[in-house]
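Notes follow in the order I checked them.

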Amino acid sequence: MSDGDGGEAAFGKASVRDAPVEGRRVLVRVDFNVPLEDGGVADDTRIRAAIPTIELLRERGAAVILASHLGRPKDREPELSLRPVADRLGELIGAEVKLAPGLVGDDVTALTEGLEPGEVLLLENSRYEPGETKNDAELAERLAGLADVYVNDAFGAAHRAHATTEGVARHLPAYAGLLLEREVLELSAVRDDPSRPLVVVLGGAKVSDKVGVLERFIDVADEILVGGAMCFVFFRAQGHETGASLVEEEGIELARRVLDAAEGSRCELRLPTDLVLGEEFDARTETRELDGVDVPDGWMGLDVGPETATAYAEVIAGAGTVLWNGPMGAFELGPFAAGTRAVAEAVAAAPGRTVVGGGDSVAALEEFGLADRIDWVSTGGGASLELLEGKALPGIEALRDAEGVKA
Ligand code: ADP
Ligand code: MG
């Protein structure tokens, strides 16, 4: 398996560990897209995940310039300023973190030019700039003008070709950060060389985003366990009644394809055999258990039932590798959390290698106090799925190849 030095060849991109940074200005794209609450950072997991790269650069005498997006601002919405993130990062590293007034501009340039080795400057929300998501060439060039070296440590944004994740890398020597590198190694190990049996647990609500992963893993996994709103496209494809359940219509055809593919493969695709129903998507709604999967009119399936949860937990316990993405039900509503909790506990207790991705799945693990019992908790939702599907991620493709790079 690929831990430590052996894995780098498999990755193939130049590492920040080999970047010449002493006395230089290094622009680091981080993923500080954190949840906010009452003007502060509600969960600093993503900030903490970026610290090893930031500290490595400071220790090696680099001046560190950080860039990140936060949310989806339409213009310069002050509620989406990175101010609280700068403050939190400062507390975590025990050093001042200045916040620049923008992503680029004369005042930003002046701030970057005044940076001493070891100092840290955070640029303001990259999506305040309309050119960011358009991967505007001029913006990328201006960004590159702020630094001598570029490091991408924002795995969670690596599937996007934006100015801070892709465009800028064309203008500077570009290296992979420690977190991005570790994410790629952990996830590609599951994709390419899993200990068997490989069990993939897929749920959540973003069905069409995730069906591609199913199509890929039908050929690779030993068992696929489906839960969450994901199961209803399958039930519709099989001709079951789904009542008022959340069904992503465009996913039904894809589900049919996956069912056909599963038919002819050695992979076992499992769907729930019982459900917990509610009348509304609300914690105080009427609830009932359904032994079966034909959802009556006026009801919606909001969790897998206890029989399904027990069966899934048993499969997980016997796995060599477990890959979990997407909650089994509407776990944020108390009456519909049991299925997700059972799966989370089974994954935490599993003797096999366990990898979990997806913002809500990770939030569920945190809520149940189980996150530290998972072998690898990915900071990337969409990015982790695209990597697992075998797609090339633009933010990674744009980095230097490892070949020939020396410290
Ligand atoms: P992740 O963030 O882990 O990738 P998703 O974003 O795809 O997961 O889905 C998480 C959301 O799915 C949760 O908000 C949860 O309420 C919702 N969900 C799960 N099961 C159901 C269901 N049966 N009906 C409606 N929503 C569901
Ligand atoms: Mg989500």
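I started with Cys231, which counts as buried because its relative accessibility is 1%. This is a predicted model, so I read every value as computed from it.

Next I asked how far the sulfur of Cys231 is from the closest cysteine sulfur. That closest sulfur sits in Cys267, 17 Å away, too far for a bond. I then looked at Cys267 from its own side. Its closest cysteine sulfur is the one in Cys231, again at 17 Å and too far for a bond. Cys267 has 5% relative accessibility, so Cys267 counts as buried too. For the cut-off, I used sulfur atoms within 2.5 Å as a disulfide. My search of the whole structure returned zero disulfides.

I moved on to ligand 1. I found 21 residues around it, with Ala205, Lys210, Glu332, Asp360 and Ser361 the closest. I then looked up polar atom pairs. Glu332 places a polar side-chain atom 2.5 Å from an oxygen atom of ligand 1. Ser361 also has a polar side-chain atom 2.5 Å from a ligand 1 oxygen. For Asp360, I noted a polar backbone atom 2.8 Å from an oxygen of ligand 1.

I checked burial next. Ligand 1 alone exposes 570 Å², and the protein buries 91% of that.

Which elements give two or more residues to the shell around ligand 1? I got β14 (300-304) and α12 (359-367). The largest share, three residues, comes from α12.

Last, I sorted the shell by class. I logged eight nonpolar, nine polar and four charged residues around ligand 1.

Technical notes: Residues numbered from 1 in each chain as written. Chains lettered and ligands numbered in written order. Predicted model: local features only at pLDDT ≥ 70, side-chain atom pairs only at ≥ 80, totals over all residues. Heavy atoms only, no water. Near = heavy atom within 4 Å. Polar contact = N/O pair within 3.5 Å; in protein donor to acceptor, adjacent residues only side chain to side chain. Areas by Shrake-Rupley, 256 points an atom, 1.4 Å probe, with all protein chains shown as cover. Helix = DSSP H or I, 4+ residues; strand = E, 2+ residues; numbered from the N terminus. Nonpolar A, V, L, I, M, F, W, Y, C, P; charged D, E, K, R; others polar. Buried < 20%, exposed > 50% of the residue type's maximum accessible area, 1.4 Å probe, protein only.
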